[in-house]
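Dear colleague,

I am passing on the structure below, together with an account of what came out of going through it. Please read the notes with the coordinates open beside you.

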Amino acid sequence: MVGTKHKTLGEFIIENQSSFQYTSGELSRLFNAIRLAAKVVNHEVNKAGLVDILGAAGEMNVQGEDQQKLDVMANDIFIQTLKNREIVCGIASEEEDDFISINSQDKNHQNKYVVLIDPLDGSSNIDVNVSVGTIFSIYRRVTPVGTPVTIEDFLQPGNKQVAAGYIVYGTSTMLVYTTGDGVNGFTLNPAIGTFYLSHPNMQFPEDGKIYSVNEGNYIHFLQGVKDYIKYCQQEEGDRPYTSRYIGSLVSDFHRNMIKGGIYMYPKSSVTENGKLRLLYECNPMAFIAEQANGIATGGRTRILDIVPTELHQRVPFFCGSKNMVLKLKEFLDKYK
């Protein structure tokens with residue numbers, strides 16, 4: 001169990017506020033809302049087998065995917081918590097068709113931050129008791145303060161993020177985040193409901209021995225990706241590498257950042273643009289990866305340099321240990 005000698009998340013934010021270029025008080029309040037929502041979602045996830053919140057909700061989200069009951073619940077919890085704290089001017093969620101404009105009471109659209117969120121990544125794993133997570137991304141609005149937010153505030157490239165993070169709900173619950181000054185992880189002590197700094201200055205090892213990809217789709221992948229997978233499987237030097245794929249981006253990413261590895265969700269003949277969402281999954285994870293000495297690419301372009309054109313845009317996504325991603329790019333570049 002994490003001891004009380006460690007810094008709490010709140011203490012850490014206050015002590016490191018000088019590294020954040022914007023108003024630290026606002027960021028602290030925003031993180032308070034996120035960690036509160038995370039604790040509520042964690043409670044619901046952990047009792048999922050005891051109450052009727054497993055399985056499909058009977059509806060589809062904007063991507064045409066079956067919504068799980070916990071997807072809907074997590075989405076409602078995060079949106080309501082952020083609204084109630086009156087710190088954001090807009091929210092975009094993977095589970096919502098459109099963005100939500102928020103005008104906090106008596107503030108006349110004075111709030112400066114928008115949040116983009118995947119409330120429950122990997123939720124199809126809930127029914128089989130596998131780790132899931134939440135991914136969030138924070139930007140400063142680009143439209144004038146005092147006016148309602150517009151789509152322009154959400155369609156910003158990832159290099160404009162001021163903070164990003166994820167929560168993994170597993171054997172322990174962790175909140176990992178960056179504000180552009182390194183990556184730090186905090187573990188929830190469930191006995192007292194407090195996040196403690198447990199993983200300071202998280203870094204991807206430059207080399208790794210894990211590759212994470214849904215090999216069931218191998219036949220549909222581009223040839224460069226196929227060649228790289230075969231390279232990972234060859235018996236030569238420190239290879240073959242180990243194949244590990246959970247099917248929850250948060251869980252796969254978290255493991256690879258700690259142990260060293262590469263995560264791949266390429267485009268294919270079935271998913272021409274890839275499957276992962278640029279705004280809700282790829283941008284925040286790419287920001288974290290780069291701050292943790294890793295690389296995130298769409299194959300040809302740095303993820304954080306892609307200019308979004310729509311809220312639910314999909315892109316190919318490769319990220320992880322630096323040398324592994326660079327080796328992958330060598331194979332991809334053969335087929336330009």
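Which residues of helix α4 (residues 223-233) are buried? In this model, which is a predicted one, they are G224, V225, K226, Y228, I229, Y231 and C232. These buried residues of α4 pack against the strands β11 (210-212), β13 (261-265) and β15 (317-321), and also against helix α7 (322-333).

R239 lies over the face of the Y231 ring, at 3.7 Å from its centre. Y231 also forms an aromatic pair with Y241, and this pair is edge-to-face, with 6.4 Å from centre to centre and 80° between the planes. The partners sit in distant parts of the chain, Y231 in helix α4 and Y241 in the loop between α4 and β12 (242-243), 10 residues apart. Y241 is buried as well, its relative accessible area being 13%.

Turning to the sheet, there is an open one of eight strands, in which the order is β4-β3-β5-β6-β7-β8-β9-β10 and the pairing is mixed. The edges are taken by β4 (100-101) and β10 (194-199), and each of these has a single partner strand, so that one side of each is left without a neighbour in the sheet.

Helix α3 (residues 69-85) lies across β3, β4, β5 (113-121), β6 (132-140) and β7 (163-169), and runs at about 155° to β5. Helix α5 (residues 249-259), for its part, lies across β5, β6, β7, β8 (173-178) and β9 (183-189), and runs at about 100° to β7.

The largest nonpolar core has 41 residues, of which L30, F78, L120, I138, Y169 and Y177 touch the most other members. Helix α2 (residues 24-46) supplies the largest share of this core, with nine residues. Apart from this core lies another, of 31 residues, among them I135, C282, L304 and V315. If you wish to look at Y169 in detail, its contacts, leaving aside residues up to four places away in sequence, are A38, V41, N42, V45, F78, L120, S131, V132, G133 and T134.

As for the aromatic residues, the structure holds 13 aromatic pairs. One of them joins F12 and F186 in an edge-to-face arrangement, at 5.3 Å centre to centre and with 70° between the planes. Because F12 lies in helix α1 (residues 9-15) and F186 in strand β9, the pair ties together parts that are 174 residues apart in sequence. F12 counts as buried at 11% relative accessibility, and F186 counts as buried at 0%. Both rings belong to an aromatic cluster formed by F12, F31, F136, Y177 and F186, and Y177 is also among the core residues that touch the most other members. Finally, there is R140, which lies over the face of Y113 at 5.7 Å from the ring centre.

With best regards

Notes: Residues are numbered from 1 along each chain as its sequence is written. This is a predicted model: local features need pLDDT of at least 70, side-chain atom pairs count only at pLDDT 80 or more; totals for chains, interfaces and linings use all residues. Side-chain values use heavy atoms; hydrogens and water are left out. Two strands pair if DSSP finds at least two bridges between them. Helices (H or I, at least four residues) and strands (E, at least two) are DSSP runs, numbered from the N terminus. Contact means heavy atoms within 4.5 Å. Axes are lines fitted to C-alpha atoms, for helices over the stretch in contact, and angles run from 0 to 180 degrees between N-to-C directions. A nonpolar core is a set of buried Ala, Val, Leu, Ile, Met, Phe, Trp, Tyr and Cys residues joined through side-chain atoms within 4.5 Å. Buried means under 20% relative accessible area, exposed over 50%, partly exposed in between (1.4 Å probe, protein chains only). Rings of Phe, Tyr and Trp (its six-membered ring) pair if their centres lie within 6.5 Å; planes under 30 degrees apart count as stacked, over 60 as edge-to-face and the rest as tilted. A charge sits over a ring if NZ of Lys or CZ of Arg is within 6 Å of the ring centre and within 35 degrees of the ring normal.
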